[in-house]
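Reader: I would like to go through the charged side-chain pairs here. Can we start from the structure itself?

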Amino acid sequence: MPALVNYGGDDDFYAGRSICSADSGLVLSIADVYCPPRKRSRVSAPYAVDSRLFDKERNPSIETLPDECLFEIFRRLPGAQERSASACVSKRWLMLLSSVRNSEFCRSNSPQEQLATKEVKKTESDVEMISADGDMEIECNGYLTRSLEGKKATDVRLAAIAVGTACRGGLGKLSVRGCNSVRGVTNNGLSAIAHGCPSLRALSLWNVPAIGDEGLFEIARECHSLEKLDLCQCPSISDKGLAAVAKNCPSLSALTIESCSNIGNESLQAIGSYCPKLQSITIKDCPLIGDQGVAGLLSSASVALTKVKLQVLNISDFSLAVIGHYGKSITNLVLTGLQNVSQKGFWVMGNAQGLRMLSSLTITSCRGTSDLSLEALGKGCPNLRQMCLRKCCFVSDNGLVAFAKAAGSLECLQLEECNRITETGILNALSNCNSKLKSLSIVKCMGIKSMPSETPALSPCESLRSLSIRSCPWFNSTSLALVGKLCPQLHHLDLSGLCGITDAALLPLLESCESLVKVNLSDCGNLTDKVIIALAELHGATLELLNLEGCKKVTDASLVAIADSCLFLNDLDVSKCSITDSGVAALSNGVHLNLQVLSLSGCSMVSNRSLPHLKKLGETLVGLNLQHCNSISSSSIERLVENLWRCDILS
């Protein structure tokens, strides 16, 4: 008995050792006859186990496979959803999946495999949705748009976009602006986009110095549907990368190159040779681009450009001569900061008679723009409708009048910081222009001063509908009265920043106009209630927008007149005016007033007493500006926000 109790060994876990060592048939017979119950013995003594037993039981891990094996596994996944789910496992899997080209994924060939991979789900409306090969068709449509800026712009995020958008319609537009200073965007991230997003149609890269030609090579190899390319501050991209895009992306229709120091003439020549669908090109501040590149692009027979923007380039008169001769399809032309182009270049561009389709021309900071060249442009562009001259210091009254006479289709003329142009030129241009001129804008022209006492008789411009004279400090009441006589059919009037005009000068203009719709008198500090009341009475039936910001002499009396007379006014700005609670109350009592936007910013005399009147106005308001209204408490504004839930309130 002691021997039985003290017995230890393997048979502690069984009914008896003799049974375990017997024949299997005998074991079964004996077990049926005698099997006394026993308690499981406690093993207290430590014992050692061979580590090889654990090695046998340990499950094998897929992470031990090399990248080559995982690559082959990933490219055999049946659909985009499965690949997207696998990419969520680890960064390693994500980067491996993003390295698989779209063309390298295996497709099911046999009918049995296709039937096995298709997952058919019927909705309540019995519409079948098939994933697998059906997903692959959806991927190529490119419905999605993604944008990365600053710290969010990394290779990992681009890889995630490449893999994740495949099962959601495909990536169509990608914008990368700036990059992470530690883990910025490199060629690897752009390659991932190229591999996973063959449907990419628009790519914008801004301030990504680590992306070079290798990344563009991958885009050119995979994204043959690319239509729009925007490169800004990409110093590592050279002619080789851009030329590769030109040769492999025949659908390219819009190209922007800005501040790319290594892109030169060779790539532009390639664009002209291989991109027959190119319609718009913008080139700015690229020191290696000169006459050879611009001429090669514009003179190419395969290109039919309609929009051309050349800004801050080292080009000469030769390039403008090429534009004037070969730009037969150009409709929009912008020339900025061309310091090496002389008067001869602009004169030849106009006299070449090639810009027959040009409808919009903008010239900024070009010293070659003179009276002679401006007249030549007016004669050589018969369909020119919009003309904008900025900082053209050599254009005077004579050139402006000559251009107005020559440009027979001109509808919109904008002059900004052209300081040699005076009131005489403006009045004569209005009097001698064609019958199609509809809009005139004069901004910061310091040469406009008071007219002499005797002025010749001038015929009015009946076609002019919009007049904007802004921030011209020497434009005074006398000047405004003369301009008003020439513009009887105005609908839009913008005199913002003309602190020298008075009621006496503005009243004749208001009386001569038949139906003003939009009026901007902001920062006209000398205007009073008298002229605002007259404006409301004369044009209240048509007035839709009125801006009186900064008119400190305007008081509640003007709001009373507006509430009584302006039936269709929907946008009113009385910021920094002498408005009180009484004015707001009068405005709310306007029976026919249906304001949508109201600005009371800086009206310090408007207090909490205006709260019920603002609630009443809020029945139609969608925008209310109460910034810097210091007499209105924060609690009142909170209650106002709760009541006017449809209205966007700034406070």
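Reader: Is Glu411 buried, partly exposed or exposed?

Author: This is a predicted model. Glu411 has a relative accessibility of 27%. Buried would need under 20%, and exposed over 50%. Glu411 therefore counts as partly exposed.

Reader: Which residue forms a salt bridge with Glu411?

Author: Side chains of opposite charge can pair when their charged atoms come close. For Glu411, the closest N and O atoms of the pair are 4.0 Å apart. The partner is Arg385.

Reader: How many residues apart in sequence are the parts that this pair ties together?

Author: Arg385 sits in the loop between helix 18 (371-380) and strand 12 (386-390). Glu411 sits in the loop between helix 19 (397-406) and strand 13 (412-416). The pair therefore ties together parts separated in sequence by 26 residues.

Reader: What is the relative accessibility of Arg385?

Author: Arg385 counts as partly exposed. That class lies between the cut-offs of 20% and 50%. The value for Arg385 is 36%.

Reader: Which strand holds Lys284, the salt-bridge partner of Glu258?

Author: The closest N and O atoms of Glu258 and Lys284 are 3.9 Å apart. The pair links distant parts of the chain, 26 residues apart. Glu258 is in strand 7 (residues 254-258). Lys284 is in strand 8 (residues 280-284).

Reader: Is Glu222 buried or exposed?

Author: Glu222 meets Arg221 in a salt bridge, at 3.9 Å from N to O. The relative accessibility of Glu222 is 11%. Under 20% means buried, so Glu222 counts as buried.

Reader: How many salt bridges does the whole structure hold?

Author: The pairs above are among them, including Glu222 with Arg221. A search of the whole structure gives a total of 6.

Definitions and conventions: Residues are numbered from 1 along each chain as its sequence is written. This is a predicted model: local features need pLDDT of at least 70, side-chain atom pairs count only at pLDDT 80 or more; totals for chains, interfaces and linings use all residues. Side-chain values use heavy atoms; hydrogens and water are left out. A salt bridge is a side-chain nitrogen of Lys or Arg within 4 Å of a carboxyl oxygen of Asp or Glu. Buried means under 20% relative accessible area, exposed over 50%, partly exposed in between (1.4 Å probe, protein chains only). Helices (H or I, at least four residues) and strands (E, at least two) are DSSP runs, numbered from the N terminus.
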